[in-house]
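Work through the exercises below with the sequence and the structure in view. Try each task before reading its solution.

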Amino acid sequence: MEVLLPKLPSFKFPTPSYCRSITTKTSSCVRVGFRRLSSLPVCASTVNEALADPTVDSPSLGHSTRPHFPILHQEVNGSKLVYIDNAATSQKPTAVIKALQNYYEGYNSNVHRGIHFLSAKATDEYESARRKVEAFINASDSREIVFTRNATEAINLVAYSWGLSNLKPGDEIILTVAEHHSAIVPWQLVAQKVGAVLKFVNLNDEEVPNIDQLKELLSRKTKIVVVHHVSNVLASVLPIKDIAHWAHDVGAKILVDACQSVPHMTVDVQDLDVDFLVASSHKMCGPTGIGFLYGKLDLLSSMPPFLGGGEMISDVYLDHSTYAEPPSRFEAGTPAIGEAIGLGAAIDYLSGIGMEAIHEYEVELGTYLYERLLSVPNIHIYGPAPSKEVKRASLCSFNVENLHPTDLATFLDQQHGVAIRSGHHCAQPLHRYLGVNASARASLYFYNTKEDVDNFIHALHDTVSFFNSFK
Amino acid sequence: MLFSIPTTTASTLLTLPSPSSHFSSKLNAAVTPKQIQLKLSVNPPLTASSSSSSSSRGVTDKLNNLASEFASLTEPIDRVKRLLHYASLLPPLDQSDKVHENRVSGCSTEVWMVAHIDEGRKMRFKADSDSEISKGFCWCLVWMFDGAEPEEVLTVERDDLVGMNVGLNNVKARSRINTWHNVFFAMQKATQDLI
């Protein structure tokens, strides 16, 4: 079996201690037979003059970035850690950890309020992080980036602020059955208050949301479409640009849950023409406790506050207050300053590698994971099969017949140090629709390697054998 | 594949079925089928038949029994194997009992537990799960508490059985993955409600 390997990208890491640059090889992708591959996944290509031996193969993205992630180099339960639960949360490179440390050691101070030197510096760095997010998703203005605690809070912000003031009885909100609970529950809560109705798009035979059904559900009653960009269970990718277009055609807004896309590929909000988009820092090498809402400026400007408090006000009287312009209007209280700066450092790190390079690598590795999983007897992998047209995200949710995913995950952890997730992955409606209570999920990120996948598959075979021996 | 434990001796050799040839549990060491020395306390070893004559031995005795049995299994994989053995002994619950009202809340697997108090004022328990490891926990808990007096059920502390918690030894907090604790709490709560 052959695999198409990506050409090695040129990536420079902006932090001084990580200013490594690896020259791009000049060849295009080369087909390499697996038998030739040694322990290093290779990108065989023409030689970089720095390497004397023309047969030395350059490391993959996974191998070259792994050293930046201290947490990956440990043993758990007596085995080397194989961390493949990245859809749940990602690990952080030293650059991000250092950024947080530098903040607290060097210039921790409350933002926007103080006059003194430290406060000015903290404010600058905080706002610089906002501009980094803006640039990362190609927003047109940094005022379109609202920092929140995470994507869940961002969706709640839209539901309570935009939703409560724009939805009327009988208005429809379209979602898919594959949405994360964070995309469903806030709208249930708000719909209950205003008398709006939630409508759900089912899956088709390829286990992907049925786009034809989505088009049929759209009507002038639709006020907002809430959809994922990349599914955290099915690994499928929705045609957001098209969906946004169709939504706008009926006068509806679109909110995109980009938690599983922003960390893994280029996302351009202007190109997609979405009204709202949310993501969480902790899934993209940034700290927990920070995420963001992107909203078109005219929309945000029309929205009432969500949380009240300091920073989001203009003037405060005893009987009423006036409110600030976005984004401050939606950032009540002291923000997670260090964390926002950490997110900025994560964006610098990812940009240094390049989102195209990350995506290309993950498509390859994800396909490899999928194909190797198929070697496990009686396995069912959810979502569409990968192909030229269908590029899956680098994750696989699956079930092995007669083996509960929790038992599977427990054994994998206990005996092999492999970290996957088992459960409903915050998608109970989806699991109910698929007819299962739970599934196991392995999810990769750019610092995973072919060896991680091989070790996981070996461990999985071992696990299946073990439980079969008890039947 | 089931295997039986001889009933009469205080210490027995337990031969486990040999796993298939590519069974290797850790990256660095191959695991071969083991003969496990089963060190038990003075009480008779665990069998399926002993589960009915529970109340005369007392919950505390059985708890000590289980605790020392699992403590003697130093390799986590052996605890898993033991639990899977017990899982095979658990009588399945009627489909009619596998309803929402009987679900033990807070578990990442599906666990059902049915409790009632009998004419002799003894607690009767039945439990089942869709996960084999959870079934093993269920069997142990049912074995301990079925037929016990309500007060006995309520006096047991969860920390007494920490050693049984396969692979999750470090999670002391209440959480979804702590099936063991959740079922235990459910049994205690049901007891509390019935008396």
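A contact means heavy atoms within 4.5 Å. The model is predicted: local features need pLDDT of at least 70, side-chain atom pairs count only at pLDDT 80 or more, and totals for chains, interfaces and linings use all residues. Residues are numbered from 1 along each chain as its sequence is written, chains are lettered from A and ligands numbered from 1 in the order in which they are written, and side-chain values use heavy atoms, with hydrogens and water left out.

**Exercise 1. Describe chain B.**

Step 1. Among contacts in chain B between residues at least 6 apart in sequence, find the share that joins residues at least 24 apart: the share is 60%.

Step 2. Helices (H or I, at least four residues) and strands (E, at least two) are DSSP runs, numbered from the N terminus. Chain B has 5 helices and 4 strands. Along the sequence their pattern is β-β-α-α-β-β-α-α-α.

Step 3. Buried means under 20% relative accessible area, exposed over 50%, and partly exposed in between (1.4 Å probe, protein chains only). Of the 195 residues in chain B, 49% are buried.

**Exercise 2. How do helices H3 and H10 of chain A cross?**

Step 1. Two packed helices are described by the angle between their axes and the distance between the axes. Axes are lines fitted to C-alpha atoms, for helices over the stretch in contact, and angles run from 0 to 180 degrees between N-to-C directions.

Step 2. The axes of H3 (residues 117-137) and H10 (residues 337-353) of chain A come within 8 Å and cross at roughly 45 degrees. H3(A) is therefore oblique to H10(A). Angles under 35 degrees count as roughly parallel, over 145 as roughly antiparallel, 65 to 115 as roughly perpendicular and the rest as oblique.

Step 3. Residues of H3(A) that meet H10(A) include A:Ala122, A:Tyr126 and A:Phe136. Their partners in H10(A) include A:Ile337, A:Gly344 and A:Ile347.
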